[in-house]
Amino acid sequence: MRNISLLSSLLLAAFSATAAAQTLTLVSWGGSYGRSVERAWVEPFIEETGIEVQIEDYNGGLAQIRAQVESGNVFWDVVDMPTPDAVRGCDEGLLEFVPVEELPPAPDGTPAAEDYPPGSRSDCAGGGIASATIVAYNDELFPGAKPSTLEDYFDLDKFPGRRGMRRVPVVNLEFALIADGVPLDDVYRTLGTDEGIARAFAKLDTIKDQIVFWEAGAQPPQMLADQEVVMTTAYNGRVFNAQILENQPFTIIWDGQVQEASGLVIPLGTPRLDIARQFIEFASSAQSLAAISKYISYSPTRYSGNALVSTHEDTGIEMAPHMPAAEQNMRRALHSDWVWWADNRDEMNERFAVWLTR
Amino acid sequence: MSSATDTQIEFIDISKSYDGKTMVLPNLNMSVRRGEFLTLLGPSGSGKTTCLMMLAGFETPTSGEIRVNGESVHNLPPQKRDMGMVFQNYALFPHMTVGRNLSFPLEVRGMAPEERTRRIQRALEIVRLEGYGDRRPGQLSGGQQQRVAIARALVFEPGVVLMDEPLGALDRRLREQLQLEIRSIQRELGVTMVYVTHDQQEAMTLSDRIAVFNDGEIQQVAAPETLYEEPVREFVARFVGDNNLLRGTVQTVDGEICKVQVGDGLVEAFMVEPLEVGARTVLAIRPERVVLSPSMEYSNTVDAHIDDMVFLGDHLRVHVTIFEQPDFVVKIPNFIGQGGILPGDSVRIGWTVIDCRALPDESP
Amino acid sequence: MVNPMTDKRLRAALLAAPLVIFVAVTFLAPLALMLVRSVYEPAVADSLPATLNALAEWDGRDLPSEETFRIAGTEFVALNEVRALGSVATRVNRLQSGMRSTLLGTARRLGNDPPAGSWRDAMIDGDEDWAEVSTWLAIRRAGERITPRYYLNALDLDRGAAGEIVAQPEDRRIYVSLLWRTFLISATITAISLALAYPVAWLLAHARPARAGMLLLLVLVPFWTSLLVRTTSWIVLLQNQGVINDLLVVLGIIADEQRLSLIYNMTGTIIAMVHVLLPFMILPLYSIMRTIPPRHMQAAASLGASFWQSFRRVYWPQSLPGVAAGSLLVFIMSIGFYITPALVGGRTGQLISSMIAYHMEQSLNWGLAAALGAILLLLVVLLYLVYNRLVGVDRMRLG
Ligand SMILES: Nc1ncnc2c1ncn2[C@@H]1O[C@H](COP(=O)(O)OP(=O)(O)O)[C@@H](O)[C@H]1O
Ligand SMILES: [Mg+2]
C-alpha cells in the first residue's frame, strides 16, 4: 500500500515537476487526525495562498525520508512528525532547520521562542500538537466503583478484567513506574538504571496475563466497545472520537497521562523549500494550532494556542475538558522524554520483545 | 471347455440412468459363461462401458441385479469383486516401476514376497516383458504399457478380467498383434473375459461370443460366425461386416421363405422370424455372396447396371444399380479369368435364397 | 549480411530484456544491496577518520591519551557543525545505549565552549561516560567498515571487551527465539493449510466443471477481499466476546468464564494466516491433481485396494509435487508475513518479520534488518534445496 503511494507520488512528482511546480506535498497520519489537518490547515492555506496541496499518509518513522534525502530525490515537502523522530532526523541531517525566529509570534506579540514550552520542539520543526496516551475504560463494565487512577489500571484485585496495551515499550514503561510510585520527575532517571528497568518490567508482569496487545490506534476503542477489554491504554483523540461522535460510554483516566508532541518538518533538499516554509509558518500560528482542536482533542503546544481552544466544530461541545493540556487533566502528567528514548529505544525494544515472549 | 450351462455372470433386468432422466441402459439381460471370452460390441455411446463399470462396481445399476456365481454383487465394493480390469489408457501408476505396478494387487492382498516375485515373473512372461520389471511406465512404448496393464490385471488371478477398449490407442499392426496375444493368453489361462470394443474386426478375432449393443440395447448375442451369417436384427446386419440392404414389402409367405417386393422386382428371401404378408422388411445380402452371370440354381437373379468398379487387390468392388436403386455392392474375388466387365455395362447378378435374409425393418 | 540465427537470438534477447531489467532493478539489485549492508557499514569510518586512527594505536585497557581525546573532541565538533554527527551517534548508540546523547551533548558543549586546558578533563567533566573504556571501545568497534556484528546481533551474540564472541545478556536475546517461533508457526500454518486444502483441491480437481467453477470462486474470494475487511471479520469472529465464543457458550460447550483466546495470540496469527494463505496451497494442489486421472483410483480399487490403500499408495504419491509446491509457497510466504501477525498476533503471535520491519522503518538499523533478512533468505534457500532434492523442482507446479 505504502509502496503504491510511494510509486504514485514518484510519478506524480515527476509529472508535477514539469507541469505544476507549485504543488506542496504534505505528509500526515490520515484518519480523523488527518481530516483535522486538512480542515484546520490545508483548506485555509489553499484559500489564502492559492498553492495546491497534495496530502499523503504515512505511518511514522524516518525510513522514507532517509531514502528520499539519500537518493537526492525529495518529493515530500512537509511532514507531520513525532518530536523524537524530528529530533533524530534533525541530528542526522535529514531535515531542514526551522529557525524559531521565522515562526509567527503569539497574538499578544510574544516571540515564538518564548511561546513554546522548553524542550517541546526540535530545531527542525514548526507547528506543535500534543497528544496523550491515557487509560480509558468502558463505563458499562464498572457499574459500581470506577477506576480513576493509573494505579487502578495495574490493580487486578480491585478492577478485574483484561487490559489493552500497545505492543511497544514507549509509554508503557513510564506508566509502570508511575503506577509503582515513582515521582514524575524521577521516571526517566529511574529508567536510566538497570534496576529501574527491571522494576518497570516487574510492574508490567503483574498484569501480563490479562493484557490484550494492540498495534493500530483504531484498535483500543473497538476493543472497549466489543468489551474485549475492560480498560485500555489509548490515544486520547481516538477515545474522544468514540465518546463524542459515536456516543460510546467511555471514560478517560487523565491521571498519569504521558504526552507526546509532534511538529511539522521539511525533508532536506526539497525543491519546494519556499512554499514548505510558507506552510509551516502558516500552520504554526496560535490560531492555526488552536484550529486543530476544533476537530480533534489534541492540544497546541504553544501556550498562546492553548488559550484559544474553543468548541468542537461539528458538535459545538466545549473542547477544554477533553484536551491533554487542559489544567484539570494535567494534575499528574508526564512529558515523554525524547532524548532518553532516542538513546534507549533499540535496547528497550529488544528487552520488551524478550519480555513479550517470556 | 466348460459346459454351456455354467453361467458365471448374469445381468438381470438391469437399467441404468446417470442423471435420473435419460436411460442409458433401459433393460438389459445378459449372461457370461465361465471361461468364456465375451465381447461387448457397439458404436460409441451405446452403453458398453457403463455395463462394464457396473460389473466392476464403479457404477451402481438404477434397477435390476448383477449376479456373479449366483450371488448378487450389489453390496460388494470394487476391491472385493475379484475382477481384473484393463482400462483404455492403461491407468498404470506412473510413479511405480512395472514390477511395483504388478506387485500392487499382490501386496494389498498381503501375499508373501517370494510368492509375489514368482507371480510377477510369470505374469511378465505371459505378456513377454521379462526383464522390464525395473522400468517405469513412462519409459515403455504404448504396446508395452498395454501389456503391463494386462499383466497387472492377470497377476492376482482374478475370476474375471474386464477390458475396456484396451487397444483403442494403438496403431493397427500393433493392435492386431496384441489381439492375438490377448486371445492366446485368455485361452491358456481359461479366465472369464468381458471385453469392450467398437471394432467388429477385433470382436471377431477375439471372442467366443459377441454381444452387439446399440442405444443401450443388446441386439444379438452370438458366436462370431453366427453373428455374421445369421444376423437377426437390421442393426447387426449393418454393423457386422458389409451388407447390402434392400427395403421392401412381404408379398407372399411360404414356410420360412417369403417373396418381397423391392422396387419393381420380386426377391425371394429367408425369414429370420415370421413375417406377415404386407409387412415391411429389410433384406440383407452379403456382397461376397452375389455372383455375376448366375447359373440356374440361383433363385434370385436381376439385371444390374455397373456404375463403378474399385480394384482392391484381393477383390473387386463393383457398384451396381438394381431395382432402380444405386449402390448395391458386389464383391468379386480376384482370380484369373474374372472380369471382362466395365462400368456402363449391363450384367445379370444373382444370389441364393439362403444368402438373402429378411429382417424386420427398423427404420423409423 | 545478417545471420538469421543471430537475428533470432537477438530478437529473443530483446523480448526478454524488459523483464530481465525489471527483475534486476526491482529484485536482484536490492537483494545485493541488502547483503552488502548486512556486513558493510562505512558511515562511522568515513566520518571519524582521525579519531579511529588515533584509537587504532590504543591498547584498549586504560583510557586513551590526552592527544586522542583532543583529536576525537575536535572531530566531533567539526562533524556536528556540518550536521553529520547525528548519524554517527545513532550508529555508535547501537553498540552502547546512551552514546547518542553522549556524543551529541559533548559536541555541543565543546563547540560552544572549547576547552582551554585538558580536553580529557573537559570531556569527562561534561559527561562521565568518557571515563569509561567501554565508550571508546564502542567507538572503535563502530568504526569497522566490514563487520560481522549485524549477523552476531541477529543470532543474539555480541563481542566482548577483547573482541571475543559472547552471548547477549539474557534479557536481550530475542532473535533466535523469534526465528524459531517463526519457523514453528510457519510449519504449523503450512500443515494446517495442507490439511484443509487437500480435500478442497481434490473436489476442485475431480468435481464436475460447473461445481468446480463455483468452488474455485469461493477459494479465490479471499484474494479479492481487502486485508482490513478480513481482519475486522476475524476480530468479530474470534475475539473473546466474538461470534465463535458466544456460540460455544450458548451451546453449552464451554462456560462463560472459559471463553477461548482465539485472537491476539499465536492462535490468532495461525488462524488468520491460514485463511490468507489457503489459496496458495489449493491452487498448486489443484493443478497437479487435475493431471492425475481419476481412473487411477478405480484401477487401484479393481486391483483389490481399499480406498485408503489406493489413496496412500497411488493418489498421494502422485499429488506430492503439488503438496511440495504448495507447502514451499505457503511456508516461505508465512515466514515473511508481517501485517496479519501485527494486527492479530498479540503477544505470542509475532514473527521475525515484525522485528525486520521495526529495524527497517523505526530504528533505521538497516544493517541488522539486512542480516536478519539474509538469514531468512539463507534458510529459505536451504529449504528450497532440500525440497529440490526430495521432489525435484521440475516436477513442481505452482498453479
Ligand atoms: N459418468 C457419466 N455421467 C453421465 N453420463 C454418462 C456417463 N458415462 C457415460 N454416460 C453416457 O452414457 C451413455 C453411454 O456411455 P458409455 O457407457 O460410455 O458408452 P460406450 O462405452 O459404449 O461408448 C452415453 O450417452 C454417455 O454420454
Ligand atoms: Mg466406452
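Since the model is predicted, local features need pLDDT of at least 70 and side-chain atom pairs count only at pLDDT 80 or more, while totals for chains, interfaces and linings use all residues. Residues are numbered from 1 along each chain as its sequence is written, chains are lettered from A and ligands numbered from 1 in the order in which they are written, and side-chain values use heavy atoms, with hydrogens and water left out.

**View 1. Who touches whom among the chains.** There are 2 pairs of chains in contact, and chains A and C share the most contacts. Contact here means heavy atoms within 4.5 Å. Chains A and B have no contact joining them; their closest C-alpha atoms lie 45 Å apart.

**View 2. The interface of chain C and chain A.** Here 42 residues of chain C meet 47 residues of chain A. Together they bury about 3,900 Å², with carbon and sulfur atoms giving 45% of that. (Buried area is the accessible area, taken with a 1.4 Å probe, that two parts lose on being put together, summed over both.) Look for three arginines on the chain C side: Arg83(C), Arg100(C) and Arg347(C) supply 21% of the area that chain C buries against chain A, more than any other three residues.

View 3. Arg100(C) pairs up with Asp91(A) in a salt bridge, at 3.1 Å from N to O. α5(C) gives the largest share, 6 residues. Helices (H or I, at least four residues) and strands (E, at least two) are DSSP runs, numbered from the N terminus. By residue type, this side of chain C splits into 14 nonpolar, 15 polar and 13 charged.

**View 4. The interface of chain C and chain B.** This one has 17 residues of chain C in contact with 21 residues of chain B. The two chains bury about 1,700 Å² between them, 65% of it on carbon and sulfur atoms. In chain C, Ser302(C), Leu303(C) and Arg313(C) lose the most area to chain B, together 41% of what that side buries. Arg313(C) also meets Glu107(B) through their side chains in a salt bridge (2.9 Å, N to O), and the count for this pair of chains is 1 salt bridge. Polar contact links 5 residue pairs across the interface, both residues at pLDDT 80 or more. On the chain C side, the elements giving two or more residues are α15 (295-302) and α16 (307-335) of chain C, and α15(C) gives the most, with 7 residues. The residue types there are 8 nonpolar, 7 polar and 2 charged.

**View 5. Helix α18 of chain C, mostly under cover.** In α18(C) (residues 352-362), 8 of the 11 residues are buried, among them Met355(C), Tyr358(C) and His359(C). (Buried means under 20% relative accessible area, exposed over 50%, partly exposed in between, with a 1.4 Å probe and protein chains only.) The cover includes α4 (83-91) and α15 (338-357) of chain A, together with α10 (175-206), α16 and α19 (366-390) of chain C. Leu364(C) follows α18(C) and has a positive phi, near 55 degrees.

**View 6. Strand β8 of chain A and its partners.** Strands pair if DSSP finds at least two bridges between them. β4(A) (residues 125-138) runs antiparallel to β8(A), with 11 bridges joining them; Ile129(A) stands opposite Ser262(A). β3(A) (residues 78-82) pairs with β8(A) in the antiparallel sense over 4 bridges, and Asp80(A) sits opposite Leu264(A). β10(A) (residues 333-335) pairs with β8(A) in the parallel sense over 3 bridges, with Val258(A) opposite Leu334(A).

Notes. A salt bridge is a side-chain nitrogen of Lys or Arg within 4 Å of a carboxyl oxygen of Asp or Glu. A polar contact is a pair of N or O atoms within 3.5 Å; within protein, one must be able to donate a hydrogen and the other to accept it, and residues adjacent in sequence count only if both atoms are side-chain atoms. Ala, Val, Leu, Ile, Met, Phe, Trp, Tyr, Cys and Pro count as nonpolar, Asp, Glu, Lys and Arg as charged, and the others, Gly among them, as polar.
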